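Biologist: I am new to this structure and would like to learn how its features are read. Could you take me through them slowly?

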Amino acid sequence: MLFTTFSVGKPLLYYKGGEFSAHGTWRHRQVYHKGDYELILCFKGPIYLQVGDHRVVLHPNDILLIPPFTPMFGYQDSTDSVDFYWLHFFSQHKETIFDAEVAAVLSEIKTNKNSKHQLSLPLHFPLPDYESATILIHQILSIHNELSSIEERDYLVSALLIQLYKSYFNRLDVPSDRSKINDMKEWIRANISSTLTVAEIADNVHLNVDYLTRLFKKWTGMTTLQYLNHVKIEVATLLLIRTEMSVKQIADAAYFNDPKVFMRRFKSSTGLSPSEYRKAYNLIHLNNPHVDPQIPIPKRIADSIDYIPENEDIPE
């Protein structure tokens, strides 16, 4: 499996991003990035891409990382609708692409004490817990802070890569108790409703309520009830940014019996009302086969890194 390193001792540098959608027959045009990485989170697929010498098929909730100086193009038409977030960024270090077994990479992570500022991620992998990454990417793409002296998106891109790293490797290195919690989290997400209680969850997994809560607190930092509310708020957040549903409809779809309770808990969790949140995070670039953004590399990025090639070095 191909992996890439990411050095996060200095923040990754946000370049550009948006959401792409196409309906009917479509394939990705040929592209070549001038020193930047691209991250794709697929919502609708399949999408057929050749990245360098490797062909990949993206399905919903797949992550794809395209390294710098690598040609990419669609090798086959997608005949159904496609939809994905795309996000370009630069590293302030020269990263490494390497081929390795997953077990070997995991072993290296567990034994190498000097790599705390370096991440390794596969170039292509499914993301089962896609909700948090979706929300974070949407927030990154919604920020327009040209007047700020701090580029918030740089730090959020770094946080996104750290989140993906933890999500991928935590599922591979699972102590028995954490494995139980992961199974319970999946069960909760599959069976969540407005009436689901902690007692029902404990009964389903044959544990008493107090022990279940202690396990949740140890491995998630939340009590079981807090996790239930977290899942509901996460569902509501995705619906706010991905649909045009009304707040009342979202309250129902996120398993809240009372819209007022939903609005109170949402504001407590995010600091914004549902309407304020939707307004704050709805300004992202939307593109399609007829609109293709060409954005010059910002001066702040060009001044921070020294390995961007001259134009004549880019292959035709």
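Predicted model: local features only at pLDDT ≥ 70, side-chain atom pairs only at ≥ 80, totals over all residues.

Biologist: Let us begin with a sheet; in what order do the four strands of the open sheet stand, and in what sense do they pair?

Modeller: Strands of a sheet pair through backbone hydrogen bonds, either parallel or antiparallel. Here four strands form an open sheet in the order 3-8-5-6, and the pairing is antiparallel. Strand 3 (31-32) and strand 6 stand at the edges with a single partner strand each, so one side of each is left without a neighbour in the sheet.

Biologist: How many bridges join strand 5 to strand 6, and how many join strand 5 to strand 8?

Modeller: Strand 5 pairs with strand 6 (residues 54-58) in the antiparallel sense over five bridges, and with strand 8 (residues 71-74), again in the antiparallel sense, over three bridges. To follow the pairing residue by residue, take Gln-50, which stands opposite Arg-55 in strand 6 and has Phe-73 as its bridge partner in strand 8. Leu-49, for its part, has Gly-74 as its bridge partner in strand 8.

Biologist: What lies between strand 5 and strand 6?

Modeller: The two strands form a hairpin with two residues between them, and Gly-52 in the turn has a positive phi of about 60 degrees.

Biologist: Why is strand 5 described as largely enclosed by the rest of the structure?

Modeller: A residue is called buried when its relative accessible area is under 20%. In strand 5 (residues 47-51), five of the five residues are buried, so the strand is largely enclosed by the rest of the structure. Ile-47, Leu-49 and Val-51 point one way from strand 5, while Tyr-48 and Gln-50 point the other way, and all are buried.

Biologist: Turning to helices, at roughly what angle do the axes of helix 1 and helix 3 cross?

Modeller: The axes of helix 1 (residues 102-111) and helix 3 (residues 152-170) come within 11 Å and cross at roughly 115 degrees. Angles of 65 to 115 degrees count as roughly perpendicular, and helix 1 and helix 3 are therefore roughly perpendicular to each other. Their crossing is left-handed. Val-102, Val-105, Leu-106 and Ile-109 in helix 1 meet Tyr-165, Tyr-168 and Phe-169 in helix 3, and the residues of this contact divide into seven nonpolar, no polar and no charged.

Biologist: Which residues make the contact of helix 2 with helix 7, and how do the residues divide into nonpolar, polar and charged?

Modeller: I will start with the geometry: the axes of helix 2 (residues 130-142) and helix 7 (residues 224-242) come within 10 Å and cross at roughly 40 degrees, which makes helix 2 oblique to helix 7. The crossing of helix 2 and helix 7 is left-handed. The contact is made by Tyr-130, Glu-131, Ser-132, Thr-134, Ile-135 and His-138 of helix 2 and by Glu-234, Thr-237, Leu-238, Ile-241 and Arg-242 of helix 7. These residues divide into four nonpolar, four polar and three charged.

Note on methods:
Residues numbered from 1 in each chain as written. Heavy atoms only, no water. Buried < 20%, exposed > 50% of the residue type's maximum accessible area, 1.4 Å probe, protein only. Pairing = 2+ DSSP bridges. Axes fitted to C-alpha atoms, helices over the stretch in contact; angles between N-to-C directions. Parallel < 35°, antiparallel > 145°, perpendicular 65-115°, else oblique. Left-handed = near helix turned anticlockwise from the far one by under 90°. Contact = heavy atoms within 4.5 Å. Nonpolar A, V, L, I, M, F, W, Y, C, P; charged D, E, K, R; others polar.
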